[in-house]
Amino acid sequence: MSFSAPFAHPGLHHDPQWYRRAVFYEVMVRGFADSDGDGVGDLPGLIAKLDYLEWLGVDALWLPPFYSSPLLDGGYDVADYRSVLPDFGTLDDFQELVTQAHQRNMRVVIDLVLNHTSSEHEWFQMSRSDPNGPYGDYYVWSDTDEIRQNIRIIFTDTEQSNWAFDAERRQFYFHRFFSHQPDLNYGNPAVHQEMFDVARYWLDMGVDGFRLDAVPYLYESDEGTGESEPETHDFIRAMRAMMDKEYPGRALIAEANQWPREVAAYFGTEDDPECHMAFDFPVMPRIFYALRSQDTSSLKEVLSEQTEILPGTSWAVFLRNHDELTLEMVTDEERQALYGWYAYDPRMRVNVGIRRRLAPLLDNSRHELELVHAILLSLAGSPFLYYGDEIGMGDNIWLNDRDSSRTPMQWTPDRNAGFSASDPGKLFLPVVQSLVYHYSAVNVETELAQPRSLLHFVRKIVHLRKAHPVFAVGDLMVCPTDNGSVLAYVRQTTQENCQPGERPETILCVFSFAHYPTTANVTLPDQVVADRVTDLFGGATFPSAVDGKITLTLGTQGFYWLSLS
Ligand code: NOJ
């Protein structure tokens, strides 16, 4: 498999708002490619696959934590913020990754785990053994676990309380996630300084931004819910100001699993900006809801609510990631329905969500896989792909927790799916060998050899999106349709949001969630002209609009991206 030939490496292009136009790819170092045959993916392995990612059309990588860690929470239990876990490589390897990615005009975003550390972190070890020492106040200690009971528990399957007793210090410590992840005390200015220095350390190595893990939870108070307390926003503003001053052009991405209005607060204001991007949690489960209910009303409602965000900011949209498909941002009724459709086996559930990959969720339906990619890549915001979903990888619900969808990337039909040369028993997690998703059929090499494979489709649609900057920076206007199963929106740029050399564009995107062929009348917004309607994929001309309406016929779960002029 060679991907390198056609590319002359372009080097890093200057664009202070690069994150708005980027197609992101989340890659877990541990699961992508193992260069030294120890059964664990590593940074040199990832570097060797950059040509593949460039071929796919990826503009930016998001790497979940690769730092020293006991790996009890996929690396989100950081034991040392300044080192690479030896299994994954060295700091030099990381530096090489950044260099080689930048040579390909590909950005590298990493996770900044601000809220908590591993209990193995030396700050915690010193905090518990020496309460009066310099680290005594780095964590949230209390003589009682009866305070702050209004703060919800997130890992409901494993934790009964947000407090755990430390036998050495003989006090309780607060933990928002697992009990081995004590929360840092943001009431202590020394903690701010530490985290600023950690950020500078990686920015000095050239990273292009941070995903701010679990950002709403930094501060908690006795009265509040411990989510998005005002001081948390103050801290993010200060972090942003530091970055703008010392490292302009780098981006902050908020991970805040909240309703649109609360999340929008993480963009800050024009005078006091916070994050450049924020993950969009409410849209994603509604796409899954519409697929089974054939009813797009809740999806339309949430899309209509979140079009107005601060200039220069962008949503981060996604279908799946390394976590469960979280169902916190839906109504109780929707959640019950989603569990019934997508998590009929109790092993498919974890916490408030579903621990399955994209292809199995969609019953491996090619119609549905194409439909959801066409939505993801045309929504307002920058799309985040999750490694392996481009080839329709399966999952393994017999593994623990979220490991079900973190198994090794499937490269070839050979031993260990070409992921590693190790003894199969040594792999950090087994490769998927289920009936439908066995690596002998689902792998990059095989799909490359099939021009109609999912991999080729995903690559094509990624490149098509990139050829039309309107998808990245245009406005989104939801259009009324007379068919409840059909979602339609217009994406539009004006001269103002075009870069030099770009022309304003208008694209109508129409998606049918109906399980059989159907038709719909789409009402266009007043300012949209549609005298000439052309399909972006094949170039065919469609009947033009009559009285501001377009009538379309759609095949089972079919969709159109139509250029209007
Ligand atoms: C969010 C991460 O995505 C998840 O994997 C992790 O378990 C929690 N934050 C705690 O760090």
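Trainee: How do the residues of the lining of the largest pocket divide into nonpolar, polar and charged?

Mentor: Some ground rules before that. This is a predicted model, where local features need pLDDT of at least 70 and side-chain atom pairs count only at pLDDT 80 or more, while totals for chains, interfaces and linings use all residues. Residues are numbered from 1 along each chain as its sequence is written, and side-chain values use heavy atoms, with hydrogens and water left out.

Mentor: Now the general idea: rolling a probe the size of a water molecule over the atoms shows where empty space is left. On a 1 Å grid over the protein atoms alone, a pocket is an open set of points with protein on both sides within 12 Å along at least five of seven lines, a cavity is a set where a 1.4 Å probe fits but cannot get out, and lining residues have an atom within 4 Å of a point. Here the lining of the largest pocket has eight nonpolar, seven polar and eight charged residues. Ala, Val, Leu, Ile, Met, Phe, Trp, Tyr, Cys and Pro count as nonpolar, Asp, Glu, Lys and Arg as charged, and the others, Gly among them, as polar.

Trainee: What is the volume of that largest pocket, and which residues are closest to its centre?

Mentor: About 550 Å³, volume being the space filled by probe spheres set on the points, which are joined across faces, edges and corners. Of its 23 lining residues, His13, Arg21, Asp59, Asn105 and Lys466 are the closest to the centre. H16 gives the largest share of the lining, three residues; helices (H or I, at least four residues) and strands (E, at least two) are DSSP runs, numbered from the N terminus.

Trainee: How many cavities of 30 Å³ or more are there?

Mentor: Five. The largest has a volume of about 380 Å³, and of the 27 residues that line it, Ile154, Phe155, Phe177, Glu255 and Asp323 are the closest to its centre. Its lining divides into eleven nonpolar, six polar and ten charged residues.
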